Each structure stands twice: as C-alpha cells, then as structure tokens.
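Please look over the model shown here before reading on. The briefing below goes through its sheet, its helix packing and its ring contacts.

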Amino acid sequence: MPDYILDNHLIRMLELSPMDLQRFEQRGIIEGVEKNGLVFYSSREFYRLKGVLHYMRNQGLSLDDARAKMDLVTAH
C-alpha cells in the first residue's frame with residue numbers, strides 16, 4: 001500500500017460515492033491533504049475509514065458507533 005492514496009482511488013477501493021467521502025471528511029472521520037489541486041489520504045486514513053465502513057456495513061453500527069469502535073481499536 002502506498003503511503004498516500006488519491007481521493008478517486010480511495011473512493012473506488014472502498015466503493016464510496018464522492019458525497020460519502022465528503023460526509024466522512026465533514027464528520028472528522030478522515031482528513032485529506034491537498035497538493036497541486038489533488039486530494040490525498042494517508043494509508044492510515046484509508047485503513048481507518050475501511051474499518052469504520054466494515055463496522056457500519058457488516059455489524060450494522062451507526063457512523064458514530066463505528067467511529068468509537070475504531071478509536072478503541074487504533075488506540076492500542
């Protein structure tokens with residue numbers, strides 16, 4: 001996995017819409033870095049969002065509950 005992922009690659013890999021990604025950014029789940037008009041996400045941000053989506057999609061957790069679960073997992 002590269003250190004940074006373009007936003008359109010992240011969207012494709014996690015099967016999101018651009019609006020979904022924007023919502024996750026607005027809610028503070030992940031944060032992109034803009035450079036030369038492109039938005040990049042670190043591999044850490046990618047795995048964090050992947051985990052949140054896993055808990056939401058496979059365990060039926062709300063966004064806030066999935067975020068809290070990931071916060072516990074990544075705190076170690």
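How many aromatic pairs does the structure hold? In this predicted model, the structure holds 1 aromatic pair. The rings of Phe46 and Tyr47 form that pair, and because their planes stand at 75°, with the centres 5.1 Å apart, the pair is edge-to-face.

**Sheet**
- The sheet is open and is built from 3 strands in the order E1-E3-E2, with antiparallel pairing.
- Strand E1 (4-6) and strand E2 (33-35) stand at the edges, and since each has a single partner strand, one side of each is left without a neighbour in the sheet.
- From one strand to the next, the twist averages 40°.
- Strand E3 (residues 38-42) pairs with E2 in the antiparallel sense over 3 bridges, and Val33 stands opposite Phe40 in E3.

**Helix against the sheet**
- Helix H3 (residues 43-59) packs on the sheet, where H3 touches E1 and E3, and the direction of H3 makes about 75° with that of E3.

**Rings and their surroundings**
- Phe46 has a relative accessibility of 5% and therefore counts as buried, the cut-off being under 20%.
- Tyr47, its partner in the aromatic pair, counts as partly exposed because its relative accessibility is 42%, which lies between the limits of 20% and 50%.
- A further ring contact involves a charge: the charged end of Arg23 sits over the ring of Phe24, at 5.1 Å from the centre of that ring.

Key. Residues are numbered from 1 along each chain as its sequence is written. This is a predicted model: local features need pLDDT of at least 70, side-chain atom pairs count only at pLDDT 80 or more; totals for chains, interfaces and linings use all residues. Side-chain values use heavy atoms; hydrogens and water are left out. Two strands pair if DSSP finds at least two bridges between them. Helices (H or I, at least four residues) and strands (E, at least two) are DSSP runs, numbered from the N terminus. Axes are lines fitted to C-alpha atoms, for helices over the stretch in contact, and angles run from 0 to 180 degrees between N-to-C directions. Contact means heavy atoms within 4.5 Å. Rings of Phe, Tyr and Trp (its six-membered ring) pair if their centres lie within 6.5 Å; planes under 30 degrees apart count as stacked, over 60 as edge-to-face and the rest as tilted. Buried means under 20% relative accessible area, exposed over 50%, partly exposed in between (1.4 Å probe, protein chains only). A charge sits over a ring if NZ of Lys or CZ of Arg is within 6 Å of the ring centre and within 35 degrees of the ring normal.
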